[in-house]
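Let's take a walk through this structure together.

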Amino acid sequence: MEKILVFGHKSPDTDTIASSIAMAYLQTKLGNTAVPKRLGNISKETEYALNHFKIGAPELISSVSEDDTVILVDHNEPAQSADGIADAHVYMVVDHHRINGFTTPEPVYYYAEPVGCTCTIIYKLFNDNNVVIPADVAGLMLSAIISDTLLFKSPTCTDKDRKVAEDLAKIAGVDINTYGLAMLKAGTDLTSFSAEELVSLDGKQVTLADTVKAKISQVNTADIDDVMTRKEKIEAAMQKDIDSLGLDLDVFLITDIINSNSQVIVLGSRADIVEKAYSVKLENNTAFLPGIVSRKKQVIPVLTSNV
Ligand code: MN
Ligand code: MN
């Protein structure tokens, strides 16, 4: 088979990068030629993990073509994938998200489980194929589980994620809590980002109930108040997105990863959806959402059912 490009979603997070690297490694061990790629900038959290385990970042690409064979990890929705994905040959998908808008003209390998992290599924693929996970790759996969589950505190976290993380920590030779807190903290340093960058760091465009064009962005912090001091600039950046992308709803989640709460800033003609979904009144476009940390489990489906 020709060279396979392995990549995750746009605005890559630690799971997307770790999954790309781990899957490319596994494919290579299985006799294929596979290289990890990325569709955007590396976050500070991911940079911390890559540096800690001394692994280089995948090369940046922006689009694929009909000549490319690809493995999609940590996503399946075309809107979150590389430009030109409709023309490429999708060989395999490994993912833990809802399946939405994904179709192929040919049969495809599709590995999906409703677990907290793509790397939890990849761990199983290593075992199924009797391929040993090297310590540095194991460390990166562990980083992905810590990141996606917020150190096992997210409601998306399953017993499988916990069990796999413990095994990976042994292989990588790190203490989960010590390493995990240091990594998460490295990822919450937002000072160097402009308001425009904050709203695009981890921004996902979704269409809710086929009618409401929405963007839901999330930043993790150890101090919500610190981020809220920049509220006006953040709102200006969100308004720019609403105008340029034609959004009906723009949601910016500021998630306190230590205490597991979020402050939300909401703009757009359908801001009422958020008020209805969480029974809150937005004051100056903002509200506090206790216990809300997971965009995938506690935001997108909840907003969808309140359109
Ligand atoms: Mn992801
Ligand atoms: Mn993920």
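The manganese ion (ligand 2) and the manganese ion (ligand 1) sit 3.4 Å apart, and Asp74 coordinates both of them. Before going on, a word on what you're looking at: this is a predicted model, where local features need pLDDT of at least 70 and side-chain atom pairs count only at pLDDT 80 or more, while totals for chains, interfaces and linings use all residues. Residues are numbered from 1 along each chain as its sequence is written, chains are lettered from A and ligands numbered from 1 in the order in which they are written, and side-chain values use heavy atoms, with hydrogens and water left out.

Which residues hold the manganese ion (ligand 2)? Its donors come from Asp15 (OD), Asp74 (OD), His96 (NE2) and Asp148 (OD), at 2.1 to 2.2 Å. Here a donor is an N, O or S atom within 2.8 Å of the metal (3.2 Å for Na, K and Ca); water is not among the atoms, so sites may look incomplete. Asp15 lies in helix H1 (residues 14-29) and Asp74 in the loop between strand E4 (69-73) and strand E5 (89-95), so this pair ties together parts that are 59 residues apart in sequence. Helices (H or I, at least four residues) and strands (E, at least two) are DSSP runs, numbered from the N terminus. Asp15 and Asp74 are both buried, where buried means under 20% relative accessible area, exposed over 50%, and partly exposed in between (1.4 Å probe, protein chains only).

Now for the other metal. The manganese ion (ligand 1) is coordinated by His9 (NE2), Asp13 (OD) and Asp74 (OD), at 2.1 to 2.3 Å. Along the sequence, these donor residues follow the spacing H-x3-D-x60-D. His9 and Asp13 are both buried.

Next, look for the sheet. Six strands form an open sheet in the order E3-E2-E1-E4-E5-E6, with parallel pairing; two strands count as paired if DSSP finds at least two bridges between them. At the edges are E3 and strand E6 (109-112), each pairing on one side only. E2 and E3 run parallel and are joined by two bridges, and Lys37 has Glu59 in E3 as its bridge partner.

The side chains of that pair meet too. Lys37 forms a salt bridge with Glu59, with the closest N and O atoms 2.4 Å apart; a salt bridge is a side-chain nitrogen of Lys or Arg within 4 Å of a carboxyl oxygen of Asp or Glu. Lys37 lies in strand E2 (residues 34-38) and Glu59 in strand E3 (residues 59-60), so the pair ties together parts that are 22 residues apart in sequence. At 9% relative accessibility, Lys37 counts as buried.

By this rule there are 14 salt bridges. Another one joins Asp241 and Lys215 (2.6 Å, N to O). It links Asp241 in helix H9 (residues 231-245) with Lys215 in strand E8 (residues 212-221), 26 residues apart. Both Asp241 and Lys215 are buried.

Finally, how about a charged residue without a partner of this kind? Glu45, found in helix H2 (residues 44-52), is buried yet has no salt bridge. Its side chain does make a polar contact with the side chain of Thr14 (2.4 Å). That term means a pair of N or O atoms within 3.5 Å; within protein, one must be able to donate a hydrogen and the other to accept it, and residues adjacent in sequence count only if both atoms are side-chain atoms.

How values were computed
Lys, Arg positive; Asp, Glu negative; His and termini not counted.
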